[in-house]
Amino acid sequence: MPKSQFIDPTDARKKGEIHFGSIPVNQYSKTLKEEKKIYSKEDFLRIFRDMFLIREFETMLNLIKTAGEYQGIPYNHPGPAHLSMGQEAAAVGMAYTLSVDDYIFGSHRSHGEILAKGLSAIHQLGEKALMDIMEVHFNGETLQVVEKGFKGDTKELATDFLLYGTLAEIFARKTGFNKGLGGSMHAFFTPFGVYPNNAIVGGSGDISVGAALFKKVNSKPGIVVANIGDASMACGPVWEGISFATMDQFRTLWEEPYRGGLPIIFNFMNNQYGMGGQTRGETMGYDMLARVGAGVNPEMMHAERVDGYNPLAVIDAFRRKKKIIEEKKGPVLLDTLTYRFTGHSPSDASSYRSREEIDAWEKQDSLLAYPADLIRSGIVTKEEIEAIKLVVVESIVKALKKAIDENVSPRMDLLAYPETIGDMIFSDGSVDKMEDRTPDTLMTMEENPRVQQLKKKERYGLDKDGKPHSKLKTYQLKDAIFEAIIDRFYKDPTLVAYGEENRDWGGAFAVYRGLTEALPYHRLFNSPIAEGAIVGTAIGYGMAGGRVIAEIMYCDFLGRCGDEVFNQLPKWQAMSGNIIKMPVVIRVSVGSKYGAQHSQDWTSLVAHIPGLKIAFPATPYDAKGLMNTALQGTDPVIFFESQRIYDVAELFHEGGVPEGYYEIPFGEPDIKRKGDDITILSIGATLYRALEAADILKEKYGMSAEVIDARSLVPFNYDLVIESVKKTGRIVLTSDANSRGSFLKEMAHTISELAFDDLDAAPIVVGSRNWIVPAYELENFYFPQAEWIIDAIDQKIVPLKDHISGTDFGDESIKQRNKKGV
Amino acid sequence: MAEAVFMPRLGQSVESCIITRWEKKKGEIVEEGDVLFCYETDKASFDEIAKISGILLEIFYEEGDEVPVLANVAVIGKAGESVDAFRSSDATTSSVEVASVDSVKVNPVETSHDVAGVETPSDVRIRISPRAKCIAQAKGISIQGLQGSGPNGRIIVRDVESAAVIVPKADPAAVNTVKPVPAVSVPAFASIPSNDDYVESPLSNMRKLIAKGMHASLQNSAQLTHHTSADARKLLELRAIYKVRAEKGEIPNITLNDLVCYATVRALEKMPAINAHFLGDRMKTFKKVHLGIAVDTDRGLMVPVIRNADDLKLKALATQMKAMAENCRKGNVDPELLRSENASFTISNLGAYGIELFTPVINLPQSGILGVNTITYRPADIGNGIIAFIPVIGLSLTYDHRALDGAPASAFLKEIRNQIENLSNDLV
C-alpha cells in the first residue's frame, strides 16, 4: 500500500475494454538450411547425442523395471521411475541455451532435464572447472567410482559422472548425487545448475520463483527455469508462484538496478496428461495452456506454445525468451508441447488413451525425425548417428554396472551407523552472513527512528521499587524481535523479509515498524496474499544461498502453505544429502480475539514434521535471543509469536533485555520461577497463566510451583524438566494448543518415559478445548486458564484442601469427550 | 439390619493389627459398649467396643490373625440374619481392593521389607504412584493397608511419607546393601511345632517392628559409643530433698532419671548439633528438643516422645514422663508419639538394673542416644589433696558418625556431665 501510487477513482471507474494480444502457437518455421548459420555440425550431433542419451537412459530404466534386465544385466529396482520417453527434444531444447549459472527446477519426471542440463553444463565448462566440481562433490566419493577403469578426456569423464551420479541416486546408493536420499523424483546436482526436482505436482512452481528472487536481489547472473507439467497449472503453488513472480512492484516500485521483472521462465512441459487425466479436453479448460498467460499481466507473460517435438524449435524459443528476461521484462510462460510414450509410471497400462494415439506420436518421435532430417539435409551421415548410439549405450552399460555393484556403490550403512540420516536432518550451522558484502540499506542503523526510540525505553519491566513502568515507556516483546531482525539486516546482505503488510504498515502487529525507513524495496516488500508462495519462494531463496524471513500473519493461515511447510521446507536439506542449506525463518503470529480462524495455536502440527526447528518465546529476552539464533543458523525455523503478548515487558531476566547481541540456543527450556512441590511446563503465551496458577497455589494451598517455559519445541532438551520432575514428582503441561494431538501430549509421554519412577501422578496436559475457538468474550472457556491448572492438579495429581473445581478433568469426562470426538 | 465390625484405623502409620483375644464368641449376645475383642498395633494394644447391641453373627478373623485396618472383622445383627454379604471378598471393603487401570499388583512376597504384610491376602491390587512406590521401597514401608489420599484413592507420596513411623530413614545407597529381614513366613498359631526342648512362638507385631528398627539402625548408620561418668553428688543431694518434699505431697515424685533428662535437655539446648536427624543428603537440626524416652513394657521396648521438652520445667517434665510411661505400659499411647521421626534425641536409662556401661542403639533418623547407667563409687580429688570415694553416674552416648564427629560428640557428653554436676538448687 505505497502512498506514492494514487488510485484515482475517476480513472478506475472509466468505461473501457481489456485487449489481449495474440499468443504464438508453434510458429517456428526455420529450415535446417537456415539453422546451419547458427549450428555447427558438432552442435547438431551433440543435440542428437543428448536426446539419445536421455532416451537410452530411460529405456534402460524401463527395461529394468519391466523386464528386470538391460543388455543382459539383471537388476531389480523397486523404487519409482517416472519416465519421459518422447519428451527428449523438449528437455534438450530447454537446456541447450542455458548457461551454467542458469538454474532449472523440475518435477517427478525430470531425468531427461537433469541429463540435458548436465550435458549442457559439461559442454560449457572448462576441464579444470569440471574436475574441481567432481572432486569437491562429497570429497570425490562419486568421482572415484567413475574414474575407476576410465579412459578418455575430462568431458567424457564428466559425462560418465553425470550418468553414474544420477543412476546411483535413482538406485538409492550412497555414491549418488544426493547420497541416495533424493532418489528418482528428487535427484539434482547444483554445480551444473540442476536444482531440486519435486515429487509434489507443481512443487517447483513457487520454489523456483524464490531462486529467481535470489538472483535478482543479490544481482546474480543467470535465469531460472521451472520445468513443471501441464497438469500443475491447476495447482495452487503454481498459481501463487506466478502471481508472486508477476507483481507490479518489481517494475513500479523497486529501485534500480533491481527494477524489472523476475528472471524466470515457467516452462510447462506439456505432455498433455496429468497421470491419466487429459488436460486439454478433460481436466482443464484452457484449450491451450499458453492461453493462461494472457490473463496474468499486460505482457501476457510473453506466453507461447512451442513445438516440443522439434529440438530446434525449443532452442529457438528459449533463445528469444532469455533475451526478454535479460531485458528485465520477465517472467515468461512457455507451453512446450510434447508427449510421453510410456505410462505415468511403469505400472501404468495407459488405459486412458488409445494405441493409435501413442502410435501416431511415436511415428513423429523426435529421435527418429530429427536425425532423419539431418541425414536428409546432408549435415550428418547415418554412420555418424549410429556411432554416437554405440558410444552412449556403452556409457550407460558402464554406469549401470557400477551403480548396481554393492561393493563400489553401497547404500548407507544404517546398521553400523544408525544415526546417519538423523544427523542429516539439520545442518546446525552458525553463519553471520550468507555472503560477504555491504548490505543495501537506506540509512545507518543509528539513524533509524525506531532504533532511536528504543534507546529511550526501559529494558526491564519493573522499576527499582518493583512497580511496572508505563507501557509506552517499556521495551516490549515486539521490540525485541525487531531488534534481532534489524541487526541481522545490517549484517547479512542476503537477508530479505516479506509477507503480507510487511512494508509501510510495518507488519500487522508493528513488529517491523521502522524497517521500511531502513531498507530498500528489494529487501523488504509486501507479497501477494499467497501464503504458499510466501513460504515456497522463501524455500527457493534459501536453497539458492540467501537468508530470508517470511511472515505468516496468522498461524491459522499455515494451512494455506501446507505443502511448503510440511513437504518442502523441512525436507530439502536431508534430501539433498546435506548439500543444500535452508536458512529460512518463518515468523508465524498466533492470534487471539478474532475467533475460529484467527486464534489457533498450531505449533503441534509443525512439531510433528521432521526437519523443522520450532521456537515460541514468551518474554522479550527470550524472543531476541531465539530470533538471533534463528537468524544465525542454517536450518528452517518456524518462529511462533503470540499476539497476546507482543506488548509484554521483560520480567525475568535480571537487568532487562541486553542491548547487544546474544543468542539463546534452541532446545533449552528455562525456569521462570523456582519451586519444589509441582512443575508447570508451558509453551508460549500460556506462561503467564501458568505463573498466575503458581501464585494461586502458593497463596491458597501453600504449594510452591516450579514454572518452566519450554521456549522451543524442536529441538528440546528434557534434562531440565526431568530434573524438576525428580524434585517435585508432579507435572502439569499447558499451552494454547487444543489438547488432542497437542505437542504437550508428546512431551507428557516423553516425561512419563524418562521419569516414570519419579512421578507421583501421570503428567497432566491442560490444553485448549477441542472446539472451534469462540468469540473473544468466550475465549476463557476455550483457552487454558490459571484456574484450570489448579483444577487439574486437584483432580488428577494431588487433592487440594477445600478446593472446589470449576472445570471437570475427571476420567469420566475425558472418556465422554473422546467418545464424542471433542 | 446386620452391621459390620471394622478393624479400626489408628493413626496414619498403622496398616494392620493383630487380634490378640476375642472377648465374645460367635452367636453370643453383645451389648453396646461391651468389649468385642482386643488387638494390638505396632506398639500398643486396644479394646474394640461394640457400637451396637445384637448377636455376634459371624467372626471372620481368629485370634492371632493379622487384619488390615478397615477390614471387616465381624458382623453384629439380629438372630437369623444372613451374613453372606459381609463375607470374604465383600468383607474386606477397604479401598485397597479397588482394582483399576492405574493400580499395581502387589505381591507381599516381593515386598520383603513388608513384615506386616505377611498374613494379609496376597494379590491385593493397590493404586500407588510410581514415585510413592519407590519411596516406600527405599524406606522399607509396606504399602499394603496404606490409605491413598490422591485422586481415586491413589497412594501418593504424602501418604507414604506420613506412614514412615519407626521405620528408620536410611540413605538409598545403604539400603541396597541391607539384607532384608529373613524368615518372613510366619505360620499361624495352630501349626506352631513344639516339643519338650523348645517352644516356637510367632513374633508380636511389636517385636517385628523392634527387630526391624534395631537391625536397620545397625545396618544403616555408623554408630559408636563414648562413655564417661559424672559426679553424682549434686544429683543425689537434690533427689534426697525432692523425695522428702514429695512424701509431704508438696511436689510430684522427681526421680534421678528425671534430673538426668532435665540436664540432658539443657545440654541439647546449648549444643544442638546432635539434636538432629541425619537424612542421607542433609541434616535436619531441630530448634526444639523432642525427647524420646525408652520405656520398657510387657510387650517390649517403646520410645514415646515428649514434645518440646525444652519448654518444660523440671516438675512438668517429670510429670509428663511418668504419665507417658504409664500410658505405654497400659498400651494406650498415641502411635504418632512413637514415631522415631518425631523425636530429636533419645535417652535410655538402665541404671535401675545396675548396668554400668552399655551401647544403646540409635533410633534412626535421630543422630544420638544417651544411655544412663547406675551410680558407682570412684576415688576422686575432693580438694585440698584429699582423695575420697564419690558417687558417679555412668553416661554412654551413642552417636551416628555420619552426622557428627568424635570431638563434638565428646564435647556434648562433657556438657551433659557439666549440667548434671551443676544442677541448680532452685529447680522446683
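The crossing of helix 7 of chain B and helix 9 of chain B is right-handed (left-handed would mean the near helix turned anticlockwise from the far one by less than a right angle, right-handed means clockwise). Helices here are DSSP runs of H or I with at least four residues, strands are runs of E with at least two, and both are numbered from the N terminus. The model is predicted: local features need pLDDT of at least 70 and side-chain atom pairs pLDDT 80 or more, while totals for chains, interfaces and linings use all residues. Residues are numbered from 1 along each chain as its sequence is written, and chains are lettered from A and ligands numbered from 1 in the order in which they are written.

The two axes come within 8 Å and cross at roughly 130 degrees. Axes are lines fitted to C-alpha atoms, for helices over the stretch in contact, with angles from 0 to 180 degrees between N-to-C directions. Helix 7 and helix 9 of chain B are therefore oblique to each other (under 35 degrees is roughly parallel, over 145 roughly antiparallel, 65 to 115 roughly perpendicular, the rest oblique).

| Helix of chain B | Residues | Contact residues include |
|---|---|---|
| Helix 7 | 256-270 | B:Val260, B:Ala263, B:Arg266 |
| Helix 9 | 406-421 | B:Phe412, B:Glu415, B:Ile416 |

Contact means C-beta atoms, placed from the backbone, within 7 Å.

In chain A, an open sheet of seven strands has mixed pairing and the order 12-11-13-14-16-15-20; strands pair if DSSP finds at least two bridges between them. Strand 11 (residues 496-499) and strand 13 (residues 548-552) of chain A run parallel, joined by four bridges.

Note on methods
Contact = placed C-beta atoms within 7 Å.
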